[in-house]
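Me: I have a structure to learn from. Can we go through it in short questions?

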Amino acid sequence: MAALLALCCGLAAVPGQAQVVDPGQVSSTYSGQVSAGGSQSAASQNATNRGMQPSPSVQSSSIPEYRPTQLVVPAEGQANAEPRSAADQPARTRRQQPGPPGEFEAFVSEIVGKPVRRFGADLLTPDSRDFTAPPVVSVPADYRINPGDEIRLGLTGNVQATNLRLKVDTEGRIFVPEVGAIQVAGVAYRDLQTVIGRAVSRQYKEFSASVGVTRLNGITVYVTGFAAVPGSYTVSSLSTVVNAVLAAGGPAAGGSFRSIQVRRGGKLISDFDLYDFLLKGDKSADVVLQNGDVIFIAPAGAQVATIGSVNNEAIYEARAGDTLKDVLVYAGGVNTVADIRRLHVLDPMSDQGWQELTPEIAATTPARRGLVLRVLSAVGIAQPSQRLPSLVTIGGEVQNPGRYFVQPGTTLEEVIAKAGGLTAQAYPFGAVFVRDSLRRQQTYNFGKAVDELKVTLTAEPLVRYENQDKDLTARLSAVDALVSQLNGRRIEGRLVLPVAPGDQSLPAGFLVENNDNLVIPTRSLAVGVYGMVNSSADFRFKPGAKVGDYLKLAGGFNRLADRKHVFVVRANGTLLSGRSTLSATALPGDLVFVPIDSQRGAFWARFKDLLNFGFQGALATASIVAVTK
């Protein structure tokens with residue numbers, strides 16, 4: 001018996017080890033000695049309870065079979081056996097509806113003609129991406145255990161326990177069977193394995209332990225100041241300042257995005273600038289919250305609107321010492337098509353209107369509250385033609401028709417030389433020269449003329465007899481039909497070149513522009529006669545023949561002809577009219593037109609003028625077609 005006692009005492013004196021393993025594969029080693037005393041039965045019982053195996057020399061009939069100590073949490077204290085996320089958090093706060101725009105936001109939106117909100121307001125809309133802490137996330141090493149958290153403890157070796165779920169009570173303790181209470185509240189997660197391992201090693205040797213956090217209890221924080229919805233909020237234990245501020249609906253219309261303060265125990269822990277997060281991705285001041293933290297949203301600072309050709313139109317909050325250049329940096333700078341030479345600023349609290357600034361002046365101008373900074377676009381500004389390279393198209397009677405890219409200041413003569421010069425069949429007098437800039441200007445002027453004509457014809461009566469109402473509908477229909485016809489006209493943008501009928505070249509010194517188009521026709525051998533004649537046709541050109549001679553070839557006037565207003569469209573686009581038209585010498589490519597005799601009342605007399613006005617453009621187009629065949 002004495003020998004057995006000595007043997008048991010010797011085994012009890014053998015050093016043991018205890019290892020704590022956390023999910024991060026960090027281990028801690030514990031060693032110590034266990035002493036024993038008392039009677040033989042007490043020693044054997046202690047050996048069994050402490051997980052120490054008796055000596056093999058002792059007969060099994062006198063020593064109980066070895067069984068590792070099993071630790072079981074009482075049923076009433078057990079948590080749900082199903083594993084849960086390490087960041088399983090309480091129900092999320094419903095996202096708040098965005099507040100109405102402030103007075104300055106409404107003012108800037110009216111200037112721009114579209115909504116312009118404060119920078120960062122997109123985060124506060126219900127359909128924006130959720131910025132609450134995610135439901136599945138690794139517990140950071142510096143996270144401190146809070147009451148209500150749930151800890152998982154696993155033990156193997158001389159003491160065994162399978163996934164013990166231990167909840168931290170209100171006093172910050174967990175209770176491990178056969179070990180007792182362990183104070184863990186406030187312990188960093190990285191140190192949790194060490195604290196629990198040391199406590200277990202006081203009772204057991206030669207064991208390994210794994211420690212983790214299976215559930216985080218929510219914490220209560222207070223959002224005050226200029227928040228959209230101030231109050232107390234229950235958030236995840238892993239929540240940061242951004243999570244809590246957005247849960248409260250973000251800063252109100254008068255709240256700051258630049259100064260969000262966190263106070264803990266009456267001390268300032270962090271003064272977070274949300275712009276650092278939004279513009280730079282810097283979350284260094286976005287601290288993890290603790291239970292009872294107070295978040296104070298300061299009043300907004302000076303607000304400056306940045307509009308126009310910038311990368312992000314918005315209203316920005318400036319900090320003390322910021323200049324207009326700093327605000328422009330907040331807006332992402334100017335965009336690709338901005339005119340960076342000039343900036344414009346408006347102070348709505350003064351009567352000076354828009355003021356122009358250079359970038360150098362903007363860099364020294366303080367960002368005062370209420371300023372509106374506008375950057376204009378450089379796109380669509382017409383540049384002097386002498387500065388722009390030109391793409392010119394030449395077709396018809398030249399040696400090498402095609403498109404030619406020429407430098408600023410190139411003349412038409414030089415472009416023709418690039419094309420190899422004119423052929424022997426070229427007819428310079430009938431050259432059709434179309435200029436794109438002239439077409440745009442003519443289209444604008446023609447549209448204005450048609451609008452004014454419609455107003456005049458609608459406001460003034462076109463007929464003079466007693467029952468004017470009877471003809472009112474017909475008169476308005478006629479006006480609408482004419483205006484519709486005129487609006488459908490296609491403006492060519494033709495420019496009449498100063499070329500005589502016998503010239504063999506085009507004018508020298510005439511500068512070309514981008515998108516100019518020149519077609520040089522073959523010398524025409526025909527004169528066309530159309531309109532109110534008995535036989536409209538093209539007749540072979542006869543040198544020295546008069547316009548009246550070609551009218552005779554067409555069978556003369558018919559009974560609807562207006563003999564006094566015959567006109568001729570020349571091949572170069574000019575118009576010949578008047579009493580001497582019939583006696584004028586005809587030229588190759590001429591188009592002779594005889595209008596209808598409309599002298600049948602005041603209405604038709606007026607309508608004749610309108611028809612002539614509309615037909616002139618049509619005849620000009622017809623002449624271009626004729627000379628280019």
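Me: Which side chain does D293 join in a polar contact of 2.8 Å?
Reply: This is a predicted model; local features need pLDDT of at least 70, side-chain atom pairs count only at pLDDT 80 or more, and totals for chains, interfaces and linings use all residues. Residues are numbered from 1 along each chain as its sequence is written, and side-chain values use heavy atoms, with hydrogens and water left out. A polar contact is a pair of N or O atoms within 3.5 Å; within protein, one must be able to donate a hydrogen and the other to accept it, and residues adjacent in sequence count only if both atoms are side-chain atoms. At 2.8 Å, the partner of the D293 side chain is that of R264.

Me: Which backbone nitrogen lies 2.7 Å from a polar atom of the D293 side chain?
Reply: D293 sits in the loop between α6 (274-280) and β13 (294-299). Helices (H or I, at least four residues) and strands (E, at least two) are DSSP runs, numbered from the N terminus. The nitrogen belongs to Q290.

Me: Is D293 buried or exposed?
Reply: Buried means under 20% relative accessible area, exposed over 50%, partly exposed in between (1.4 Å probe, protein chains only). D293 has 0%, so it is buried.

Me: How many bridges join β11 to β12?
Reply: Two strands pair if DSSP finds at least two bridges between them. β11 (residues 255-264) and β12 (residues 267-272) run antiparallel. In this pair, Q261 stands opposite D271. The number of bridges is five.

Me: What is the average pLDDT of the chain?
Reply: pLDDT is the predictor's confidence in each residue, from 0 to 100. Here 75% of the residues score at least 70. The chain average is 78.
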